[in-house]
Structures are given as C-alpha cells and as structure tokens.
Amino acid sequence: MEFRVLGSLQVVDGGADLTPSAGKVRAVLAMLVLRHNQIVSTRELIDELWGEHPPATALPTLHTYVYKLRKMLGTGGPATVITQPYGYLLATAPETIDAHRFDRLVADGWNALEHDDPAHATQTLTRALALWRGPALADLAAGELLSAQITRLEEGRLRALHLRLDADLRLGRHHELISELKELIATHPLNEDFYAKLMTALYRAGRRGEALEVFQNLRQVLVGQLGLEPSPALSRLQQRLLSADPGLEPPLPAVPPQAPPPAAVRPAQLPPDIADFVGRAEPGERIAAVLSRPAGCGTAVRVICISGMPGTGRTTLAVHAAHQARAAFPCGQFFAELGGTGAPADPSEVLAGFLRAAGVPAADIPADRDERSKLFRTWCSDRQVLIVLDDAAGYAQIQPLLPGSGGCAVIVTSCVPLHGFAGAHMIGIDPLTEDEGLELLARIIGPDRVRADHTAARRIVHLCGRLPLALRCAGSRLAAGQGLTPAMFAERLEDPRSRLSDLRVADLDVRTAFHAAYEQLGDGERGLFRLLSLLRTPQVTSRRAAALLGCQSGHAERLLARLADRCLLSAHTTPAGEVHYAMHELVRLYARECLERELDGRAEPEPPATAAPGHPEPAGMPTEAAAKRPSPLTVPAEPLTGTAVRVP
C-alpha cells in the first residue's frame, strides 16, 4: 500500500486506487498521513473540517469518517487507523508515504553536495523531484492545518530544486539549464536565486550581455512591484560579471577520487523525544512555521525563545519541536544545557563541545572564547544546523553560541526576560487546558483508569494546576501501583500542607523547579514573593502589594514586574488599563512554605535529596546564617511615612 500526497491525494494498493471520494474523508486521511505514527487529536480534525463553527454533530460525523477509512484500509494490512485517547493515529511504515521518501532523498542529495559529489546529488535530487505529480494535495479544500502542511511540502520541493540546480551548475551543465531557468523565472518572478543561477549559466555559455540584461530585468520588476533594489548578493554577482571574475568560469572536469571521502560528521545531540507529548498545538505550529522557512528567505539566523513558569515544559516543547524539524537541518543538531537557574555554563566550554561534535580535532580548537565562536560560525556558514540552548541565563551567555548563517536556526528556553533579543520569535507557554491535562494523565496511567474515575481524574488535574510537571509526578505515582487509586490520590492532594511533597517522584519534583527560580531573586523580590502567599486570592495589584510592603506603589510595581519576568507571576492588563498579577496555586503553596520557614528561623528550602517519595522532607535545623537573616516582613522598600499597613 502506498500513500501519495505530492500531487492529488492517492491511496494505491497493488495497482488498485483506494482513494475515498468524499472531500472531508480525504481531508481526514491527509491529516493522518502527514502525521503518520503520531496522534492527531479530534480537536485538530474538527477544526480542519469545520473551522471555528463546527456543527453539533461534528464528533459523531468524524467517527463515521474514521470508520470509512478503516473499512477502506482493511484489517491486518500494512496500514491501520488506531483509536487513541482524544484522537487517532495512522500506523504505517514511513516508506509507504511519498513525502517521507522525498525528504530522505533530499537529505541524501544535500549530503552528497556537502561532500563535493554533485553527480550523485543531481541523480538523487532528480529522483526526489520525480515523485511530484503536481501541487501538493491539489484536490483538497484545505483548512488552516492542511494549508500549513501544504506550504511546508511546497517549500521543500522548491528547496530540492535549488539544490539540484546547484549540483548541475557544479557539473558544468550550464547550457542545458538556461531554458529551464527561464521557465522557472516566469513561474517565480521574484525568486532572486533563480535569476542568479540564470546569470551564471548565461555567463558560462559566453552570453555575458544577456546575463547582465537578466539583472536589469529583475531590477525593473523589484522596483516596479515592491520598491526594492536587488539584494547585495545579486548586486555583487553583477559586479563580478562586469569584471569578468575568473571564479565564474565553468568548473574543470572532475578527477575521480583515488579514495572514498571520509564519512560526514553530522552531530545529533538532541535528547530523546517523549512518547506521550500532549497539547501545545498553537506554539508548536508557530515554531514549525519559523523552522520550515526556506534558508534562502533571509541572511539572519532564525531564533525562537520559549518562556513559561517553572514546570510548564519549556524544554519538552523545545526538544519535541526540534525532533519534528530534523529533516530541515540535515547537517546536524546541537544541544546544550546552559544551567541558567543553577550554575550557568561557560559559553567557551559549550563551544568546545560543539566543535568536538562537529569533528574539529581537539588540537585545532582555540583556547580563546571569541576564536572558538568564530570557528563555530565558520563551520556553520555553509550548513543547515539546528541548535537548542536550554535554560539560558541571559543574552550574554547565548550570543557567543549563535551561528551567523540564515540556513541555521536556534531554539532557546529561559526563565529570564530576553526581550532585547533583536529579531527573535518570542513564544510564551501556559499550563495545559483541562482536556489536555486529562489526556496527559490518561497517557501515563492508561485511559481506562481515567474513564473509570473521571471525577477524581479531573480533580487531580485541577489540584495540579494543569501544570505538566505536576501532572507527570501525579501520573507516575499512580502508575507505580501500590494500591493507590485516583480517588485516593485526589484526596491526598486536597491537603495544601503536603501537596508539594506528594507531587514528587524520583527526579521529578515540583518544589525543586520553583526553588531554582526562587534562588535567582533578589532580597526585595523574595520578601514580596513570600508575603503574597498571605493573600486570600491569587490576584494582586501594585496598590495591594504596596500595602503589604508599606512602600510606594511604583516600587511595588517594579518588584511585581521582576517576579513576572521570572515567570513566578503572570500579568494581564484590564480594560481599564490596570495591570493585574496572578500567582499559580502551586507557586503560592511554595511561597507559603518559604514564609513559614523564615518565620520559624529556618534556612531556605533546599531541593530534597534523601526524603522518601511521597513524604515531606524533614524540616531544616536552625543555623547561624538563618538566625542572622532578616525577617521576611523586612523588605527593602520605599516607606510610606505615617501610613498604617494592614496585612489581609
């Protein structure tokens, strides 16, 4: 059985065409094929089929469409539609899908170009492009999600075509390319790379006048339609044509190598993806849109900054998105843990690790950090690589690690503000929705247990504040067995005094995540953070915070903003223009623990090391340092002279 999406949608089995005729059934099939072996949620399918206003019968109608697909594919065959919690999955070998074979051939062709084997590259890329039978999914009325997938496929086709043209030019096939490039320019009148290749081909064919005329024609089009001049790269090519640069001469015939080239060094440092990834559809699509942008669309490196409160899964989202985009970065993927919430990593050491992974001999790695940075940028300059920098301490730590090529991309996670990062795409993530939280819990403990005690499962999701880390801790405790039922665990979580201790298992600990962010605060922010746990509601304004501190409203506003920058508070502006801050319930419980420890004269809570899972760690003993520490109510502030302060 074969699934074809590079053209009209087709399902072929032994020469028989099994493609469904109904448009919406074809749309469901296309979604499942393009996300093969991954769960497509019912919400995504309904959004694709009916948009923002689905009918009341949308869910049963979708079930009918899936039933038709199962009937079409049969049972026990090479492809099966499997029902999963809150969605469906098409289980099939990737080789049955033409888009997968296309991506594999393109990666092979790119690798051949990297190793100066244009003959193999053009052969492989020609085979890849031959898989296309027309525009991707040409016979579908695509919604938003399928339209994004179609755009990705078409951009991949254009990239493969650019690579094949590069390979042909390296082989000296400039005469054969002239007519093809003229046709491509007629189809893509604003694609400067096609103009550049045509100018080069004409020059090598001895037609320099026509090559320069191509430049003038493009300039007229750009100025007339967009008011823009040709790019600096194309202008430099024009100058090289005018000066008859010897570097533009046709390549000499290749001499067969006496020995095979060394194997390519392609770093693959991404941590493993998780099998039960849930939600994050909107930020995931935004990340995919940036990472799937063709390398030729700009000269600046693509940077994505992911932020969110501790425990929301910043790293998980970054790694998941990086794995999904691996095919677009065939030269390798780097990963570095920067330790921003603990001991920040030295960028020089990180660069040394990157260079070793890239195959640079240890003796050739410079000792100076700036020289290492330059060498790394040089290595990346003609390659497409993806870099994931996790838990960054700030822009100064990130800057030396950035490549300089538009073919590269960087994903950064951080709990500190990176708003001054010019050109970066800022993506903030919140706790999961209730349905997503239930889905995550179901994937960990099994959907049958969630269905059997749905009320208790919902209560667990609520008491975990829909925080992925907390839900994973809760799910791991329940999955461990030992007679613990969802109802029993929900009852345990009801006690706010032990809730954080119950949300800890093995290396997963909600309290530790909050503690790492708390340690980065100054004395003023710590004092206000502790006092906010006294409020009966999670909402606070600068006026109320000023009353807590006995200070001017402006000073309280600055402290609140710093807590929001550390993602320990969330901020939103009311229609009246007033900024309201909110504290997540689990964060409030941690803040109350910090307050009680200060009032008892004990040290700040350290991440527990030896406490048994599920039990509160022993209270810290009083220390000389704790005795000297100021009271939590003593906060550096601007006093309000003569004003009485009442703590609510």
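## Model and confidence

The protein chain has a mean pLDDT of 85, with 89% of its residues at 70 or more, where pLDDT is the predictor's confidence in each residue, from 0 to 100. This is a predicted model, in which local features need pLDDT of at least 70 and side-chain atom pairs count only at pLDDT 80 or more, while totals for chains, interfaces and linings use all residues. Residues are numbered from 1 along each chain as its sequence is written, and side-chain values use heavy atoms, with hydrogens and water left out.

Over residues 603-648 pLDDT stays under 50, and for this stretch the model has 82 contacts beyond four places in sequence, a contact being heavy atoms within 4.5 Å. Where pLDDT is low, the predicted coordinates should not be read in detail.

## The parallel sheet and its helices

Five strands form an open sheet with parallel pairing, in the order β8-β9-β10-β7-β11; strands (E, at least two residues) and helices (H or I, at least four) are DSSP runs numbered from the N terminus, and two strands pair if DSSP finds at least two bridges between them. Because β8 (333-337) and β11 (425-428) stand at the edges with a single partner strand each, one side of each is left without a neighbour in the sheet. Neighbouring strands are turned by 15° against each other on average, direction ignored.

Between β8 and β9 (residues 386-390) there are five bridges in the parallel sense, and Phe-335 has Val-388 in β9 as its bridge partner. Helix α12 (residues 314-324) packs on the sheet and touches β7 (302-307), β8, β9 and β10 (409-413), its direction making about 165° with that of β10. Helix α13 (residues 347-357) also packs on the sheet, touching β8 and β9, and its direction makes about 155° with that of β8. Such angles run from 0 to 180 degrees between N-to-C directions, with axes fitted as lines to C-alpha atoms, for helices over the stretch in contact.

## Packing of α23 and α25

The axes of α23 (residues 523-532) and α25 (residues 553-565) come within 9 Å and cross at roughly 85°. The two helices are therefore roughly perpendicular to each other, a label for angles of 65 to 115 degrees. Among the residues that meet are Leu-528 and Phe-529 in α23 and Leu-559 and Leu-560 in α25.

## Positive phi in two loops

Leu-137, in the loop between α5 (118-130) and α6 (144-170), has a phi near 50°, a positive value in a residue other than glycine. Leu-137 is buried, with a relative accessible area of 1%, buried meaning under 20% (1.4 Å probe, protein chains only).

Cys-567 lies in the loop between α25 and β15 (570-573) and, although not a glycine, has a positive phi of about 65°. Cys-567 is buried, with a relative accessible area of 14%.

Notes
Parallel < 35°, antiparallel > 145°, perpendicular 65-115°, else oblique. Buried < 20%, exposed > 50% of the residue type's maximum accessible area, 1.4 Å probe, protein only.
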